[in-house]
Amino acid sequence: MKSIKVGLLGFGNIGRGVWDILQTNNTTITQNCGYKIELSKILVQSHRDRGIDKDLFTTDAYDILDNEEIEIVIELIGGLSPAKDYILRAINNKKHVVTANKAVIATYGDELLGAANKNGVYLYYEGSVAGGIPILDSIRESLAANQIQEIMGIINGTTNYILTKMALEGSDFKSALAEAQAKGYAEADPTSDVEGYDASYKLSILSALAFNTNLPVENIYREGISKITPIDIEYAKELGFVIKLLAIGKQGENSIELRVHPTLIPAYHPLAAVNDVYNGIFIKGNAVGNLMYYGKGAGSLPTGSAVVADLISILKKMSCKYSAPTAISDAQKNLQSMTATESEYYIRVMVKDIPGVLGKIATLFGNSAVSLSTVIQKGEGEPVVSLVFITHQTIESRVQEAIEKIKSLDEVSEIANLIRVENHYKA
Ligand SMILES: NC(=O)c1ccc[n+]([C@@H]2O[C@H](COP(=O)([O-])OP(=O)(O)OC[C@H]3O[C@@H](n4cnc5c(N)ncnc54)[C@H](OP(=O)(O)O)[C@@H]3O)[C@@H](O)[C@H]2O)c1
């Protein structure tokens, strides 16, 4: 049996997971790929005892990147720099690369895939989206006969944990976040997760494969969950919905929609049952119909599983003739502007409890051609009460126009929240 030398950049959470999987599942992996995998060098920042042969470790990346014996490099250091330069160096040295780095792939994926193509090597990145869920490979291979019409994903475990705590235990955002931090699910600076940046990176990677696009991640509409309150969650529940941070991609006639924001989904939707740190991805293909993927979206072994699977895929392909593996697209697609997006809307308005206010607001919605499906008032007798409106399907610009007019009414103290509703799923 041939043996193959692999270099590992990074030995943190995921690097350690990859090591453990290669030890534990050694026999299965060898059978699956037909090679004996030898992890011959591991890059770290500093030398310390890590419980394995210390001669394996180096702090010089070029011991791996320029090592002629190493044929495959696994990048697991994270961040944009120096990770991107290391990946490019490995590719230009004709090494295949596996990474779980969503930031690098979402930002430089096109350039790196182009370089991989030019050099006749593979660049795989299954672990970069939804950890252990094999979603990229599914889109690339198993769903290749479909036009993907829609993707809706809970692809950030931290925010899903926070929203689950808020929904099931009535916690407010701050205390749910503090609990997520205490459990190690959220970073000390939680901005990337909580404000939806992490999910937009992943949506960018998903949409490149699913919709054959090449759009900058900054162009994706993004809203986080920090404005969601227990009151909104309660109202949503009363109306038969749950609130989730969704990454949404939809293929339209001439444009695509890409957006990340908190969303009301019906309580019977499969995504509504995805709780805690779990991820779920709902996909609609024009041939296969609706599909739902569910699993651990992060963590050492689940993500390590995706990384090692990429490694095995490359090894299998190495024994065949090379064929361009990756979705590199120069397709110019229009990204639909957020104001042209259609949705239903949940809008919570804080108003003075005086007669006629509901009528005035309803008229302003009507004047902007926004039709209402549900209205709830809570807190009768208090000086300021909540009015909650659910609209029928309408265009975002109409809702924004109505909101501007409603805000200026003397009786309105604030627009407490506006959350989009995805309500077209039929069980
Ligand atoms: N954690 C997850 O659940 C998860 C899930 C999906 C994807 N990912 C992705 O997987 C990648 C790795 O994440 P992780 O959680 O394993 O990170 P981590 O625990 O912070 O580990 C990073 C490793 O890289 C090494 N390193 C960092 N910067 C370096 C540099 N400039 N030069 C040399 N070595 C460097 C560190 O060395 P030292 O050990 O010496 O500090 C450490 O071993 C990231 O791209 C992340 O986004 C992570």
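Let's start with helix α1, which lies across strands β1 (2-9), β2 and β4 (70-75) and runs at about 150° to β2. Angles here go from 0 to 180 degrees between N-to-C directions, with axes fitted to C-alpha atoms, for helices over the stretch in contact. This is a predicted model, where local features need pLDDT of at least 70, side-chain atom pairs count only at pLDDT 80 or more, and totals for chains, interfaces and linings use all residues. Residues are numbered from 1 along each chain as its sequence is written.

**The sheet**
- Six strands form an open sheet in the order β3-β2-β1-β4-β5-β6, with parallel pairing (strands are DSSP E runs of at least two residues, helices H or I runs of at least four, numbered from the N terminus; strands pair if DSSP finds at least two bridges between them).
- At the edges stand β3 (57-58) and β6 (123-124), each with a single partner strand, so one side of each has no neighbour in the sheet.
- Strand β2 (residues 35-43) pairs with β3 over two bridges, in the parallel sense.
- Leu-43 has Thr-58 in β3 as its bridge partner.

**Two packed helices**
- Helices α4 (residues 83-92) and α5 (residues 102-119) pack at about 10°, with axes 9 Å apart.
- That makes α4 and α5 roughly parallel to each other (angles under 35 degrees count as such).

**Around the ligand**
- The ligand is surrounded by 22 residues, and the closest are Gly-10, Gly-12, Gln-45, Gly-78 and Ala-298 (C-beta atom, placed from the backbone, within 6 Å).
- Helix α1 (residues 13-24) gives the most to this shell, with three residues.

Technical notes
Contact = placed C-beta atoms within 7 Å. Parallel < 35°, antiparallel > 145°, perpendicular 65-115°, else oblique.
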